[in-house]
Amino acid sequence: TMLQGFSGHLLSEAFLERAAVEAEMNATCQRQRRELVEWRRRTCQLGPSSSVRAMLSVGAVPFASAFGFTCNEVVMRDRTAAATIATDSGRSMALLVALWGHPLDPMWREAVREALDRCASWCILYNGSHLRFVDAGRLFTRRHAQLDLEQTPDDERTFAAFWTVLRTPELRTLVVASD
């Protein structure tokens, strides 16, 4: 069966399902899943009338924090906000926040530019309802992986796949493994 709420062609779904099965739903993973459920509850105030600043401060920054990332170098724009997110291990990615429900497909070029400007090979796009990982290191592929933030915490297998991706020190190793 397919992973609920997963789409895109960055990582094969079969690979993610294997990774999810192999990843133990240990105490840390269960705690992270509870944190995502709690984060989703706190973001219920976000919606179509939310400003980019609210999407960043109520949605994206707390989400990144829940998974061990810190946000730095925030740049506010009219319809988007961009930031660099990093972990203690030195892993960094670009974060691009859009208005609620804004389509993520047209943001590919901006996501790649933000990642390259921040010397990162990845960009995470966030629009309140979805989270998309964009590979800015292999531009010719235009690959991405997207998760529905409403469904991901509710499905144990989808969450395990999501957690596997987020805790991998370098996402590129997952992409190469799934090719």
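**Salt bridges and packing**

Reply: Happy to! Let's start with Glu-38, which counts as partly exposed at 29% relative accessibility. Keep in mind that this is a predicted model.

Me: Which residue does Glu-38 form a salt bridge with?
Reply: Its partner is Arg-42, and the closest N and O atoms are 3.7 Å apart. Both residues lie in helix 2, 4 residues apart, which is about one turn of the helix. Arg-42 is partly exposed as well, with a relative accessible area of 39%.

Me: How many salt bridges does the structure hold?
Reply: There are 10 salt bridges in the structure. One of them joins the side chains of Arg-31 and Glu-35, at 2.9 Å from N to O.

Me: Where do Arg-31 and Glu-35 lie?
Reply: You'll find both in helix 2 (residues 27-42), 4 residues apart, or about one turn of the helix. Arg-31 has a relative accessible area of 37%, so it is partly exposed. Glu-35 is partly exposed too, at 27%.

Me: OK, new topic. At what angle do helix 2 and helix 3 pack?
Reply: The angle is about 170 degrees, and the axes of helix 2 and helix 3 (residues 52-66) are 10 Å apart. Angles over 145 degrees count as roughly antiparallel, so helix 2 is roughly antiparallel to helix 3.

Me: And which residues meet there?
Reply: From helix 2 you have Gln-32, Glu-35, Leu-36, Trp-39 and Arg-42, and they meet Val-58, Gly-59, Pro-62, Phe-63 and Ala-66 in helix 3. Sorted by class, this contact has 6 nonpolar, 2 polar and 2 charged residues.

Me: Is Arg-132 buried or exposed? And what about Asp-105: buried or exposed?
Reply: Arg-132 is buried, because its relative accessible area is 7% and the cut-off for buried is under 20%. Asp-105 counts as exposed at 53%.

Me: Which residues are linked in a network of salt bridges?
Reply: That network links Arg-77, Glu-110, Glu-114 and Arg-118. Glu-110 lies in helix 4 (residues 108-117).

Me: Why does Glu-110 count as buried?
Reply: Its relative accessibility is 19%, and buried means under 20%, so Glu-110 falls on the buried side of the cut-off. Leaving aside neighbours within four places in sequence, Glu-110 is in contact with Arg-77, Thr-80 and Leu-96. Arg-77 is also in the salt-bridge network.

Me: Last one, on backbone angles. What is the phi of Glu-73?
Reply: Glu-73 has a positive phi of about 50 degrees, although it is not a glycine. Glu-73 lies in strand 2 (residues 70-76) and is exposed, with a relative accessible area of 57%.

Me: And where is Cys-119?
Reply: Cys-119 is in the loop between helix 4 and strand 5 (122-126). Its phi is also positive, near 55 degrees, and Cys-119 is not a glycine either. At 74% relative accessibility, Cys-119 counts as exposed.

Terms used
Residues numbered from 1 in each chain as written. Predicted model: local features only at pLDDT ≥ 70, side-chain atom pairs only at ≥ 80, totals over all residues. Heavy atoms only, no water. Helix = DSSP H or I, 4+ residues; strand = E, 2+ residues; numbered from the N terminus. Buried < 20%, exposed > 50% of the residue type's maximum accessible area, 1.4 Å probe, protein only. Contact = heavy atoms within 4.5 Å. Salt bridge = Lys/Arg side-chain N within 4 Å of Asp/Glu carboxyl O. Axes fitted to C-alpha atoms, helices over the stretch in contact; angles between N-to-C directions. Parallel < 35°, antiparallel > 145°, perpendicular 65-115°, else oblique. Nonpolar A, V, L, I, M, F, W, Y, C, P; charged D, E, K, R; others polar.
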